[in-house]
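Visitor: Hi! Could you walk me through this model?
Guide: Happy to; here it is.

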Amino acid sequence: MADLESFSADDLPDLGDAIRGFANSARSMEHAANLVADLLWDQLRDAEGEPACALLRVYKTHRFKRLPDDLQAFARDLLDADPPPDTRCLSLLATRGVEPAWNDRRQSEGHKAIPLPSSEFVQRLPMVAGLIEQLGLSIEDVVQPSPDRKRIVELAQRTYDVFHVADAQGSSYVPAQGFVERYGVRSALGFGGVLFTGDFFAVVLFSRVPLSPAVADTVRILSLATRVALMPFGTRVFD
């Protein structure tokens, strides 16, 4: 186990190796994402040995036309219309949290599949926009990935920055302030990147311990191992 508040480079090798290994043991991208979520939930602890996060989630963008029927219906309801078939939707692959309902993506009330029809629409979602931009991507790269294979490969091979909200209380990047207060969320952290399909992925942690910039910058390196874990499955996304 690793103390998340003092997470350091010494904690990376074992976690990174375990995450990369999920590429060989998982049956689908969703299964790999759940294995990543399980590992991080179990291994990232506070000083008393309790889970350091109130909530931990793994997301990936997915074309609307390739979503399962139930997620298409969810995305459609959010827009009150059918989005174009190739609209990217930020889809929840895995979730872990202190509430029982936060351990099953199917029970999510508002985040199962968030349609991203345009850059302007994403700008109205402060946490999503902040996550994308702080990682170092343009919103357009996520909403409408380039069809140019060279550009996709370039994005997929890049090392990204980190989404870091040192103080979640009162932050515009974490609009759900009732959640922050009720569950004692101190900091938010997200890491991720781009897969060779052109799709965006991210792991988002809502931590009950404060996270310094140095810790956030170290944790983000796990994005490289997570990309390896998710890569082999192509269109085999959902179980």
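Visitor: Which residues in helix 2 meet helix 10?
Guide: Met-29, Ala-32, Ala-33, Val-36 and Leu-40 do, and on the helix 10 side they meet Leu-222, Thr-226, Ala-229 and Leu-230. Contact means heavy atoms within 4.5 Å, and helices are DSSP runs (H or I, at least four residues) numbered from the N terminus, while strands are E runs of at least two.

Visitor: Before I go on, what are the ground rules?
Guide: This is a predicted model: local features need pLDDT of at least 70, side-chain atom pairs count only at pLDDT 80 or more, and totals for chains, interfaces and linings use all residues. Residues are numbered from 1 along each chain as its sequence is written, and side-chain values use heavy atoms, with hydrogens and water left out.

Visitor: OK, at what angle do the axes of helix 2 and helix 10 cross?
Guide: Roughly 145 degrees, and the axes come within 9 Å. Axes are lines fitted to C-alpha atoms, for helices over the stretch in contact, with angles from 0 to 180 degrees between N-to-C directions.

Visitor: What else does Leu-222 touch?
Guide: Leaving aside neighbours within four places in sequence, Leu-222 is in contact with Phe-7, Leu-12, Leu-15, Gly-16, Ile-19, Leu-40 and Phe-191.

Visitor: New topic: is Ser-91 buried or exposed?
Guide: Buried, because its relative accessible area is 0%; the cut-offs are under 20% for buried, over 50% for exposed and partly exposed in between (1.4 Å probe, protein chains only).

Visitor: Where does Ser-91 sit?
Guide: In strand 4, residues 88-97. Not counting residues up to four places away in sequence, Ser-91 touches several residues, including His-62, Lys-112 and Phe-238.
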